[in-house]
Amino acid sequence: MTVPFLPYGRQTIDDEDVAAVAAVLRGEALTTGPEVDRFEAALCDVTGAPQAVSCNSGTAALHLAVAALGIKEGDHVIVPTLTFLASANCARYVGAEVIFADVNPETGLMEAAHLEIALKQAPVGSVKATIPVHLNGQCCDLDGIAAVAKKHNISIIEDACHALGGTYPGGGKVGSSPLTAAACFSFHPVKTVATGEGGAVTTHDADMAATMRTLRSHGMRRGLTAPALPEFGLAADGTPNPWYYEMPEVGWNHRLSDIHAALGRSQLRKLDRFVTRRAEIVARYDAAFASLSNSIRPIGRVGGSPAWHLYVIHIDFAATGKDRAAVMHALKDKGVGTQVHYFPVHLQPYYQKRYGRQSMPGAEAYYARCLSVPLFPTMTDADVDRVVAALADVVAA
Ligand SMILES: *Cc1c(COP(=O)(O)O)cnc(C)c1O
């Protein structure tokens with residue numbers, strides 16, 4: 001008997017999504033056109049944020065947010081080490097240095113206390129921002145983090161790539177927090193909503209949004225009534241020359257295409273359904289893992305209504321007598337895909353070479369035990385039960 005392979009995560013695409021993309025392909029604008037505006041408006045709707053700036057990846061979203069805050073060489077940015085590479089790399093893109101913060105070993109989340117410790121590692125006044133990561137979809141304690149940030153006059157950029165569609169523990173949609181400068185989202189296929197590659201930044205700050213719109217398109221500005229170079233930019237009658245554009249600051253091509261945006265908007269219509277089904281699957285796993293084995297337990301919970309991106313268990317591999325690679329291979333043989341989220345970023349060769357070997361006990365303890373098991377909206381209850389049974393077999397064997 002062959003059973004379908006269950007990856008740890010995957011996109012959910014239906015005929016409506018296909019039709020939305022096909023309509024763009026038959027139309028006029030393939031890249032940044034009306035679909036991008038509509039997608040951004042839809043993002044404002046689902047997050048409750050007044051501004052949404054789309055771009056071509058979650059990584060680009062982080063890059064735009066860091067750049068728009070004016071962070072540069074000589075500055076420091078505090079990033080939890082238990083995250084995807086991009087959360088830290090975005091600081092390096094603008095020449096700033098990364099200070100890694102440790103995380104809670106049960107939840108994987110950076111807390112205010114971890115931020116305080118990290119702050120002590122940089123010259124006073126050199127830390128410009130921190131990038132808390134809403135790992136797995138669970139939100140960091142933004143109230144606590146914001147209290148520390150305020151005291152030290154640093155901005156907060158949420159890495160909300162895992163958390164679209166969730167609610168902060170204190171209320172409010174993820175992406176709408178008035179405590180932070182911006183929130184960054186990814187629409188990679190394993191994330192809750194897929195555009196292929198894609199991302200966005202939400203913010204309350206209209207000026208910051210305008211800066212990010214300029215930076216995502218080479219730093220170009222057009223139609224200026226007061227250009228820096230009036231002899232080129234203005235006609236004899238003082239109106240803007242129609243061909244003229246100017247670049248006061250260097251930017252990038254981080255634009256999203258209309259093809260991607262149309263898929264994104266179609267996907268956003270299903271966001272609530274996706275989040276609800278993910279929560280049902282999480283509840284079914286929780287019930288099963290509560291009594292399966294002393295060496296397996298779900299990660300720690302912070303409450304609220306997260307939009308679950310990953311389902312992560314902690315396994316005491318020593319107690320099972322198998323190492324993680326053996327467990328992953330055995331599960332794969334049973335048609336169950338797993339992954340490790342994440343290998344702590346401070347251990348990456350690039351960062352070890354730059355900052356030396358650091359010890360982050362909370363993150364290293366979380367990492368040593370974590371395993372992400374399949375979670376995506378089209379999983380059936382029987383699929384969930386199959387994952388649990390496979391784990392029971394592998395761990396007991
Ligand atoms: C996926 C992800 C990113 C990067 O998003 P891309 O769209 O793949 O560039 C950044 N941070 C976290 C936590 C992510 O999971």
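T47 counts as buried, at 1% relative accessibility, where buried means under 20% relative accessible area, exposed over 50%, and partly exposed in between (1.4 Å probe, protein chains only). The structure is a predicted model, in which local features need pLDDT of at least 70 and side-chain atom pairs count only at pLDDT 80 or more, whereas totals for chains, interfaces and linings use all residues. Residues are numbered from 1 along each chain as its sequence is written, and side-chain values use heavy atoms, with hydrogens and water left out.

T47 belongs to helix α2 (residues 34–47); helices (H or I, at least four residues) and strands (E, at least two) are DSSP runs, numbered from the N terminus. A polar atom of the T47 side chain lies 2.7 Å from the backbone oxygen of L43, and a polar atom of that side chain lies 3.2 Å from the backbone nitrogen of A49. Such polar contacts are pairs of N or O atoms within 3.5 Å; within protein, one must be able to donate a hydrogen and the other to accept it, and residues adjacent in sequence count only if both atoms are side-chain atoms. With residues up to four places away in sequence not counted, T47 touches L164, K173, V174, G175, S176, F185 and T202, contact meaning heavy atoms within 4.5 Å.

Helix α2 itself lies across β1, β6 and β7 and runs at about 130° to β1. Helix α7 (residues 206–215) also lies across β1, β6 and β7, running at about 15° to β1. For these angles, axes are lines fitted to C-alpha atoms, for helices over the stretch in contact, and angles run from 0 to 180 degrees between N-to-C directions.

The strands β1, β6 and β7 are among the seven that form an open sheet in the order β1-β7-β6-β5-β4-β2-β3, with mixed pairing. Its edge strands, each pairing on one side only, are β1 (51–55) and β3 (97–101). On average, neighbouring strands of this sheet are turned by 25° against each other, direction ignored. Two strands are taken to pair if DSSP finds at least two bridges between them. The parallel pairing of β5 and β6 extends over three bridges, and D159 has C184 in β6 as its bridge partner.

An N or O atom in the side chain of T59 is 2.5 Å from an oxygen atom of the ligand, and a backbone N or O atom of G58 lies 2.7 Å from a ligand oxygen atom. Of the 380 Å² of accessible area that the ligand has on its own, the protein covers 92%; accessible areas come from the Shrake-Rupley method with a 1.4 Å probe, and for residues only the protein chains shown count as cover. The ligand is surrounded by 15 residues, of which the closest are G58, T59, H162, S186 and K191, a residue being near a molecule or strand if one of its heavy atoms lies within 4 Å of it.

A second open sheet consists of three strands in the order β10-β11-β12, with antiparallel pairing. Strands β10 (296–298) and β12 (370–373) are its edges, each pairing on one side only, and neighbouring strands are turned by 35° against each other on average, direction ignored. Strand β11 (residues 311–315) pairs with β10 over three bridges, with H314 in β11 as the bridge partner of R297. The antiparallel pairing of β11 and β12 extends over four bridges, and I313 stands opposite L371 in β12. In a regular strand the side chains alternate between the two faces of the sheet. In β12, C370 and S372 point one way and L371 and V373 the other, and all are buried. Helix α10 (residues 271–289) lies across β10, β11 and β12, at about 15° to β11.

Several backbone features occur in loops. Most residues other than glycine have a negative phi, and most peptide bonds are trans. N136, in the loop between β4 (127–130) and α6 (142–152), has a positive phi of about 65° and is buried at 0% relative accessibility. N153, in the loop between α6 and β5 (155–159), has a positive phi near 60° but is exposed, with a relative accessible area of 71%. The peptide bond from H341 to Y342 is cis, with omega near 10°, and Y342 is placed in the loop between α12 (324–333) and α13 (349–355).
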